[in-house]
Amino acid sequence: GGMGQQMGGMGGQQMGGGQMGGGSSHPADMVFKTFDKDGNGHLDKREIEAALGQVCKLTGRKKPNPLMVMAAIKALDKDHSGTIDVYEFRSLSDKLAGTGMQMAMGGMGGNMMGGGGKAKKMKY
């Protein structure tokens with residue numbers, strides 16, 4: 001029953017916010033909901049840029065330049081739909097808006113982008 005399992009797994013993920021360990025929602029979630037105008041659980045490229053700008057306001061970061069945003073979207077958009085879901089948006093915010101800094105989980109996504117040349121190395 002591999003198929004059924006996959007389908008069922010999707011619903012559970014959204015309900016539990018499993019990755020965050022407990023009910024604490026990611027700062028990106030609120031912003032995501034604000035910009036997900038049609039409520040379909042996906043943001044398109046334009047919405048993503050606007051939403052990221054908002055997350056950057058929250059974290060006090062400079063807005064990332066559009067090229068970085070595009071590259072990050074490409075990297076996260078596994079199914080090449082041109083849109084990302086709330087989990088992908090979380091990783092995007094962690095990378096580009098610094099929300100991951102407040103999160104214990106922040107380090108996890110770091111190597112997905114191959115460091116992006118922007119990873120802070122702690123050794124000086």
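Visitor: Is D29 buried or exposed?
Guide: The model is predicted, so local features need pLDDT of at least 70 and side-chain atom pairs count only at pLDDT 80 or more, while totals for chains, interfaces and linings use all residues. Residues are numbered from 1 along each chain as its sequence is written, and side-chain values use heavy atoms, with hydrogens and water left out. A residue is buried under 20% relative accessible area, exposed over 50% and partly exposed in between (1.4 Å probe, protein chains only). Because the relative accessible area of D29 is 8%, this residue is buried.

Visitor: In which helix is the place of D29?
Guide: Helices (H or I, at least four residues) and strands (E, at least two) are DSSP runs, numbered from the N terminus. By that numbering, the place of D29 is in helix α2.

Visitor: Which residues does D29 touch, not counting residues up to four places away in sequence?
Guide: Contact means heavy atoms within 4.5 Å. With residues up to four places away in sequence not counted, D29 touches V86 and R90.

Visitor: With which residue does the side chain of D29 meet in a salt bridge?
Guide: A salt bridge requires a side-chain nitrogen of Lys or Arg within 4 Å of a carboxyl oxygen of Asp or Glu. By this rule the count comes to one salt bridge. At 2.6 Å, N to O, the partner of D29 is R90.

Visitor: How many residues apart in sequence are the parts that the pair of R90 and D29 ties together?
Guide: R90 counts as buried, at 8% relative accessibility. R90 lies in helix α5 whereas D29 lies in helix α2, so the parts tied together by this pair are apart in sequence by 61 residues.

Visitor: Which residues of α2 are buried, and against what do they pack?
Guide: The buried residues of α2 are A28, D29, V31, F32 and F35. One of them, A28, counts as buried because its relative accessibility is 0%; A28 touches F89, R90 and S93, not counting residues up to four places away in sequence. The buried residues of α2 pack against β1 (42–44), α3, β2 (83–85) and α5.

Visitor: What kind of aromatic pair do F32 and F89 form?
Guide: Rings of Phe, Tyr and Trp (its six-membered ring) pair if their centres lie within 6.5 Å; planes under 30 degrees apart count as stacked, over 60 as edge-to-face and the rest as tilted. A search of the whole structure finds one aromatic pair. For F32 and F89, the values are 5.8 Å centre to centre and 50 degrees between the planes, and the pair is tilted.

Visitor: How many residues apart in sequence are the parts that the pair of F32 and F89 ties together?
Guide: Both F32 and F89 are buried. F32 lies in helix α2 (residues 27–35) and F89 in helix α5 (residues 86–96), so the pair ties together parts whose separation in sequence is 57 residues.

Visitor: Which residues does I48 touch, not counting residues up to four places away in sequence?
Guide: Leaving out residues up to four places away in sequence, I48 touches L43, V69, I73, I84, F89 and L92.

Visitor: Which side chain of opposite charge is nearest to E47, and how far away is it?
Guide: Lys and Arg count as positive and Asp and Glu as negative; His and the chain ends are not counted. The place of E47 is in helix α3, and beyond its neighbours within four places in sequence E47 is in contact with F35, K37 and H42. E47 is buried yet has no salt bridge; the nearest side chain of opposite charge is K37, 6.0 Å away.

Visitor: What pattern does the chain follow along the sequence?
Guide: The secondary structure comes to five helices and two strands. Read along the sequence, the pattern is α-α-β-α-α-β-α.
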